[in-house]
Amino acid sequence: MATTNVMAKPRLNIKKDTIHDIKLSEDQQAIFETLDKGLSNAYITGKAGTGKSILLQYFVENTAKNVAVVAPTGVAALNVNGQTIHSFFKLPPELQNLSQVTIDYKTREILKHLDAIVIDEISMVRADLIEAINLKFQLAKGNQLPFGGVQIIMFGDLFQLPPIVADGQLNNYFDHNYGGIYFFNAPVFKVFDYKTFELNHIFRQKDEEFKLLLNSIRVGDHSETTLAKLNARTQAPLPVTGFITLAGHNATVSRINHEKLAELQGTEQVYVAQVTGNLSEKSFPTEKDLKLKVGAQVMLLKNDKQKPPRWVNGTLGIVTKLTKDLIRVNIDGVEHTIYQDSWDAVRYYYDPTLRKIEKEVVSTFRQFPLRLAWAITIHKSQGQTYQSVAIDLSGRAFASGQTYVALSRCQSLEGLFLLSPIRRADIIVDQDIVEFMRGKSIT
């Protein structure tokens with residue numbers, strides 16, 4: 001039974017809905033019905049906090065179609081209970097050689113019987129991967145229609161995080177062969193008919209002035225006045241507790257978390273995960289060797305199974321007790337017991353008897369669903385909402401949309417703290433995206 005405790009004040013969290021208590025907005029409901037009742041291909045976009053993830057989850061839970069969900073990274077795939085694009089389509093992790101794309105029997109059977117495929121975080125999917133997906137569907141369906149005629153439903157915001165292309169030579173390759181790295185640069189998009197839907201109601205922020213400020217950063221249309229308003233937050237005194245730091249680099253996050261953990265008194269406990277099957281370490285949702293102390297700030301990585309849920313994926317808390325079998329965490333003044341949980345990596349297959357696409361578990365990661373969270377990377381914060389956020393861009397922004405993603409995690413300007421001023425160079429917006437969206441007919 002939960003007991004009250006004042007340890008975690010001020011409040012760390014914003015209440016989030018789960019799939020079980022979702023009520024779609026009018027716009028979301030209209031899009032759901034279009035996707036569910038028709039065959040329209042779609043790109044669903046919108047500013048941060050407009051409910052893209054909620055609509056995705058609702059569609060997958062409520063459609064009668066044979067549907068699979070894929071995402072470009074392991075963590076993103078686990079978050080939507082799907083599979084990575086590479087594992088689902090049996091594609092190598094490197095640059096795709098389209099002349100060598102083939103299809104095995106199992107993959108053919110799955111793709112042949114799909115009604116629709118949902119691709120999450122489409123902004124992070126490269127053009128060569130889209131072309132390989134197109135070829136796989138054409139081989140499976142036995143025709144030359146774009147994606148073999150299957151319904152393609154894409155979710156994401158191009159003004160947020162882009163595909164990762166670490167090698168400058170690869171950037172040159174994409175520029176010369178595709179005209180760019182983004183999904184819309186794939187040749188199939190020149191003959192692919194789809195509708196673009198934009199969600200406009202922002203649920204995350206209530207302050208209209210802050211919304212306008214964020215949108216000006218999103219599209220790169222910011223003034224000196226905008227920067228001055230933002231950078232005034234470098235003068236705001238940082239709270240002693242009750243905030244999370246977002247940083248651009250893993251090294252910064254690791255340093256902050258380990259320094260904060262070392263500052264705590266008491267014995268360090270180490271919890272070792274159980275991993276079965278072939279799960280890549282970069283897909284682990286938390287550390288395999290999770291090191292904690294009483295007083296550590298942590299993030300919950302699973303939705304609570306109790307109804308109504310007491311926490312969701314992304315909720316922050318403070319560790320109050322550690323034993324071998326359970327951990328107690330204070331969430332906004334109330335203590336809760338956290339037990340080990342599992343993440344399943346799934347593989348889709350076609351059941352000819354049921355005529356349905358089914359899922360089977362191929363590997364499992366079992367650990368306490370927690371990670372140290374005095375700091376997390378901006379990439380890992382995508383999709384989250386926080387009440388009090390410190391942003392560390394001391395290493396400077398290095399990706400398009402990175403600064404916008406960091407700033408838009410916070411519910412209000414008053415809850416935002418900048419550890420260093422934001423420069424014009426930190427607001428990176430790819431003009432290819434601006435031109436692409438300018439030319440779109442928004443439904």
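Trainee: Over which residues does pLDDT stay under 50, and how many contacts beyond four places in sequence does the model have for them?

Mentor: Residues 1–10 stay under 50, and the model has 25 contacts beyond four places in sequence for that stretch. Here pLDDT is the predictor's confidence in each residue, from 0 to 100, and contact means heavy atoms within 4.5 Å. Over the chain, pLDDT averages 88, and 93% of the residues score at least 70. We are reading a predicted model, where local features need pLDDT of at least 70 and side-chain atom pairs count only at pLDDT 80 or more, while totals for chains, interfaces and linings use all residues. Residues are numbered from 1 along each chain as its sequence is written, and side-chain values use heavy atoms, with hydrogens and water left out.

Trainee: Let's move to sheets. What is the strand order in the open sheet of 6 strands?

Mentor: The general idea is that strands of a sheet pair through backbone hydrogen bonds, either parallel or antiparallel. In this structure the order is 4-3-5-6-2-7, with parallel pairing. Strand 4 (83–84) and strand 7 are the edge strands, each pairing on one side only. Two terms belong here: strands (E, at least two residues) and helices (H or I, at least four) are DSSP runs numbered from the N terminus, and two strands pair if DSSP finds at least two bridges between them. Strand 2 and strand 7 run parallel and are joined by 5 bridges; G46 has L199 of strand 7 as its bridge partner.

Trainee: Which strands stand at the edges of the open sheet of 4 strands?

Mentor: That sheet has the order 19-8-20-21 with parallel pairing. Strand 19 (375–377) and strand 21 (416–418) stand at its edges; each has a single partner strand, so one side of each lacks a neighbour in the sheet. From one strand to the next, the twist averages 25 degrees. Inside the sheet, 4 bridges join strand 8 (residues 244–247) to strand 20, with L246 opposite I391. Helix 10 (residues 250–263) lies across strand 8, strand 19 and strand 20, at about 165 degrees to strand 19. Angles like this run from 0 to 180 degrees between N-to-C directions, with axes fitted to C-alpha atoms, for helices over the stretch in contact.

Trainee: Now helices. Which residues of helix 13 are buried?

Mentor: An α-helix has 3.6 residues a turn, so residues three or four places apart point the same way. In helix 13 (residues 431–438), the buried residues are I433, V434, F436 and M437. They lie on the same side of helix 13 because they cover an arc of only 165 degrees around the axis, taken from the directions from the helix axis to the C-beta atoms. These buried residues pack against strand 2 (42–46).

Trainee: What caps the N-terminal end of helix 8?

Mentor: D207 does: one of its side-chain oxygens lies 2.9 Å from the backbone nitrogen of E209. Helix 13 has a contact at its start too, where a side-chain oxygen of D430 reaches to within 2.9 Å of the backbone nitrogen of D432. Just after helix 8, G220 takes a positive phi of about 75 degrees. The cover over the buried residues of helix 8 includes strand 2, strand 7 (195–199), helix 9 and helix 12 (402–407).

Trainee: Where is Q382?

Mentor: Q382 sits in the loop between helix 11 (378–381) and strand 20 (389–392), and it is buried, with a relative accessible area of 17%. Setting aside neighbours within four places in sequence, Q382 is in contact with E121, Q160, L161, V405 and R409. The C-alpha atoms of Q382 and G49 are separated by 9.9 Å, although these residues are 333 apart along the chain.

Terms used. Buried < 20%, exposed > 50% of the residue type's maximum accessible area, 1.4 Å probe, protein only. Polar contact = N/O pair within 3.5 Å; in protein donor to acceptor, adjacent residues only side chain to side chain.
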